[in-house]
Amino acid sequence: MANTTDSIRTMAQWAQEGNSPEVLFWVGCAGSFDDRAKKITKAFVQLLQKAEVGFAVLGPEESCTGDPAKRAGNEFLFQMQAMTNIETLNTYGVKKIVTTCPHCFNTLKNEYPSLGGQYVVMHHTQFLKNLIAEGRLHIEGGHYKGKKITFHDPCYLGRANNEYQAPRALLEKLEAELVEMKSCKQKGLCCGAGGAQMFKEAEAGDKEINIARTEEALDTQADVIAAGCPFCNTMLHDGVKTKEKEGKVAVMDIAQLLAQTEDL
Amino acid sequence: MDYLANIIFGIVFFGAIAFFTRNVRRLIRNIRLGKPTNRSDQPSKRWAQMLRIALGQSKMVVRPIAGLLHIVVYIGFVVINIELLEIIVDGFLGTHRVFAPFLGGLYDVLIATFEVFAALVIVAVVLFWTRRNWVRIKRFWKPEMKGWPKRDADYILYIEVVLMLLFLTMNASDYWLQQQGISYYVQAGIFPISELMAPLFDGMSTSTVVAIERTAWWLHILGILFFLNYLYYSKHLHILLAFPNTYYANLDPKGKLENTASVTEEVKLMLDPSADPYAAPQTDQQPAKFGVSDVIDLNRVQLLNAYSCTECGRCTDVCPANQTGKKLSPRKVMMDTRDRLEEVGSLLDKNQTINENQLLDNYITREELWACTSCNACVEACPIGIDPLSIIMDMRQYLVMEQSAAPTELNAMMNNIENNGAPWPFNQQDRLLWRDEINT
């Protein structure tokens with residue numbers, strides 16, 4: 001089963017065969033292009049394959065949701081992106097979308113409906129939690145048993161959409177010790193990437209936000225900093241690197257942790 | 001002559017109410033300068049939200065010390081205001097403790113309750129002052145708190161202590177005079193706190209104590225009427241506006257930003273292959289201005305937010321940009337919005353046109369706006385549902401869509417999205433390269 005790319009098919013391929021997938025995996029720009037985020041994409045795909053989920057991707061037909069444009073103030077570009085994507089999604093009759101990026105998740109779920117794009121949209125942690133609950137995916141503790149893991153709440157999953165529980169429920173499956181940072185859940189500190197900050201230098205200040213957050217994470221003495229967002233992942237990676245703790249602490253998406261413990 | 005006191009009371013009372021009404025009308029007029037927005041849907045959810053957050057103080061107790069102290073002061077003021085009713089009736093009729101005969105034993109319970117709360121309020125307010133000025137909690141000493149905001153915060157605490165002391169002095173002297181059997185002072189009420197103060201009057205003449213009682217009674221009600229009128233000029237307006245503010249607060253997920261309808265029309269036209277690009281616009285209306293550069297571009301809920309803010313700074317305290325030394329402070333965004341709205345309002349009062357000042361640049365700088373990560377921590381932290389983030393996002397929209405004034409790197413990001421569908425310069429056709437990498 002492992003390592004087959006045959007099951008990673010595009011929406012166009014599914015349509016050609018006259019079938020429709022159970023879910024569309026919205027990979028997102030980071031998941032498609034960023035080397036670190038691509039690892040998250042691959043890990044999540046491995047989990048989908050393990051659970052025998054019939055999924056599709058859009059591939060070259062996917063385009064930025066428009067989130068960074070909207071939050072940078074370019075409503076016009078955002079709506080152009082949104083309408084174009086909605087056209088694609090509706091042409092294929094997409095009903096359900098899962099994504100590893102909380103920014104895509106938020107935009108698809110909250111900002112597409114009033115523009116004509118109504119889908120059931122799930123963050124990958126929610127989707128994986130459901131697969132486990134349905135008995136389709138089994139996760140054994142193994143690899144991370146007894147290790148300390150701290151979870152960094154992505155703003156666009158947590159405060160923006162009130163999902164704090166799904167990622168933690170998955171981490172519990174690892175039989176690791178879940179330790180919380182000084183600010184977590186509703187009070188979670190941002191990694192510094194949101195609102196289009198990812199794509200620009202920060203304004204003058206006395207510290208970078210990702211360093212402040214990384215320090216909170218390091219204070220927990222965790223072995224692993226778990227993330228649920230490709231941008232948080234990058235920011236925290238960079239933070240750990242700046243603090244010269246690379247050898248001691250790993251920054252990984254929950255999908256990567258699950259895939260690794262299952263030796264996928 | 002017997003009625004002189006009643007007449008003076010009537011004049012002062014109605015004068016205070018009239019001045020307050022004038023300012024409330026001004027407040028409503030100013031809020032209506034903003035754009036209408038539909039926040040009247042789902043009334044049952046909105047009432048529930050108001051009951052939970054404003055009446056129930058559910059978000060105050062997220063910070064337990066300040067939350068509990070605040071609940072003491074809040075309940076204290078609500079409860080003691082019941083006594084105000086009697087004071088007003090007495091003032092008009094020239095009676096004294098007019099409710100006592102009707103309420104009997106209940107009157108004793110009420111007076112005792114008021115007294116206990118008055119004492120608790122004094123304790124809480126002293127602790128508030130200590131936190132602010134002695135412990136010097138960081139969020140009370142940020143740059144935007146210099147000058148009037150700092151003085152305003154202290155004045156409110158002083159006024160509250162003075163009012164409570166006057167209330168207790170009034171009761172203490174009343175209790176002392178009741179003990180003396182002075183006929184005007186009917187035997188009424190139980191005074192668990194002020195009876196401890198009563199021995200202070202021992203040795204004074206009856207007329208002196210009567211004068212003290214009358215003076216305390218008058219200063220207390222005058223103080224209350226002054227405080228009522230102080231509200232409009234103060235951050236303390238929240239004691240009234242927290243209620244409508246939580247009623248009209250956002251019910252949607254915090255991550256959702258509204259889509260601008262006028263843009264939707266334009267985009268639809270652009271994407272419609274059958275649309276005639278040279279056709280004349282259907283209406284001859286002025287093209288809508290995008291985003292916000294001044295307070296009149298904001299919506300009414302955002303303006304109500306500005307008047308409701310009590311500058312507690314919980315938003316700024318949790319703001320990642322502010323925590324790391326950037327200039328952005330969500331509290332300052334709200335304070336600037338109110339200050340500018342007041343400036344516009346006072347120009348209108350003088351029948352002058354709005355000056356060339358505006359919210360953008362004259363109050364809120366671009367540097368502040370671009371420092372926001374849109375993380376919603378400020379929105380989550382606000383105990384009464386104020387949304388500073390929406391103002392920041394609307395002002396960014398003005399900068400980008402009306403002025404093309406985004407930071408260079410963001411322009412590059414947007415160019416990439418426009419040209420190749422991703423914020424980075426990668427080819428859209430390569431979006432599946434990760435699949436090929438799996439086997440290699």
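**Figure 1. The salt bridge between Arg26(B) and Asp349(B) in the predicted model.** The side chains of Arg26(B) and Asp349(B) form a salt bridge, with an N to O distance of 3.0 Å. The structure shown here and in the following views is a predicted model. Across the interface of domain 1 of chain B and domain 2 of chain B, 4 salt bridges are found. The same interface of domain 1 and domain 2 of chain B holds 19 residue pairs in polar contact, both residues having pLDDT 80 or more. On the side of domain 1 of chain B that touches domain 2 of chain B, helix 1 (4-31), helix 3 (64-93) and helix 9 (238-247) of chain B each provide at least two residues. Helix 9 of chain B accounts for the largest share of that side, 6 residues. Sorted by class, the side of domain 1 of chain B that touches domain 2 of chain B comprises 13 nonpolar, 7 polar and 7 charged residues.

**Figure 2. Domain 1 and domain 2 of chain B and the area buried between them.** The domain assignment of chain B places residues 4-31 + 63-247 in domain 1 and residues 261-267 + 288-419 in domain 2. Taken over C-alpha atoms, the centres of domain 1 and domain 2 of chain B are separated by 37 Å. Contact between the domains involves 27 residues of domain 1 of chain B and 29 residues of domain 2 of chain B. The two domains of chain B bury about 2,400 Å² between them, and carbon and sulfur atoms contribute 49% of this area. Within domain 1 of chain B, the residues that lose the most area to domain 2 of chain B are Ile31(B), Glu144(B) and Asn245(B), which together make up 28% of what that side buries.

**Figure 3. The interface of chain A and chain B.** In this interface, 75 residues of chain A are in contact with 60 residues of chain B. About 5,800 Å² is buried between chain A and chain B, with 64% of the area on carbon and sulfur atoms. Phe33(A), Arg159(A) and Phe199(A) supply 12% of the area that chain A buries against chain B, more than any other three residues.

**Figure 4. Polar interactions and contributing elements where chain A meets chain B.** A salt bridge joins the side chains of Arg431(B) and Glu62(A), at 2.9 Å from N to O. In total, 3 salt bridges are found across the interface of chain A and chain B. This interface of chain A and chain B also has 34 residue pairs in polar contact, both residues at pLDDT 80 or more. Elements giving two or more residues to the side of chain A that touches chain B include strand 1 (9-10), helix 2 (28-33), helix 3 (35-50) and helix 9 (209-219) of chain A. Helix 5 of chain A gives the most to that side, with 9 residues. By class, the side of chain A that touches chain B contains 31 nonpolar, 26 polar and 18 charged residues.

**Figure 5. The open sheet of chain A.** The open sheet of chain A has 5 strands in the order 1-3-2-4-5, with parallel pairing. Strand 1 and strand 5 (120-123) of chain A are the edge strands, each pairing on one side only. Strand 2 (residues 23-26) and strand 3 (residues 55-57) of chain A run parallel and are joined by 2 bridges. Leu24(A) has Ala56(A), in strand 3 of chain A, as its bridge partner.

Terms used. Residues are numbered from 1 along each chain as its sequence is written. Chains are lettered from A and ligands numbered from 1 in the order in which they are written. This is a predicted model: local features need pLDDT of at least 70, side-chain atom pairs count only at pLDDT 80 or more; totals for chains, interfaces and linings use all residues. Side-chain values use heavy atoms; hydrogens and water are left out. Domain bounds come from an automatic or database domain assignment. Contact means heavy atoms within 4.5 Å. Buried area is the accessible area (1.4 Å probe) that two parts lose on being put together, summed over both. A polar contact is a pair of N or O atoms within 3.5 Å; within protein, one must be able to donate a hydrogen and the other to accept it, and residues adjacent in sequence count only if both atoms are side-chain atoms. Helices (H or I, at least four residues) and strands (E, at least two) are DSSP runs, numbered from the N terminus. Ala, Val, Leu, Ile, Met, Phe, Trp, Tyr, Cys and Pro count as nonpolar, Asp, Glu, Lys and Arg as charged, and the others, Gly among them, as polar. Two strands pair if DSSP finds at least two bridges between them.
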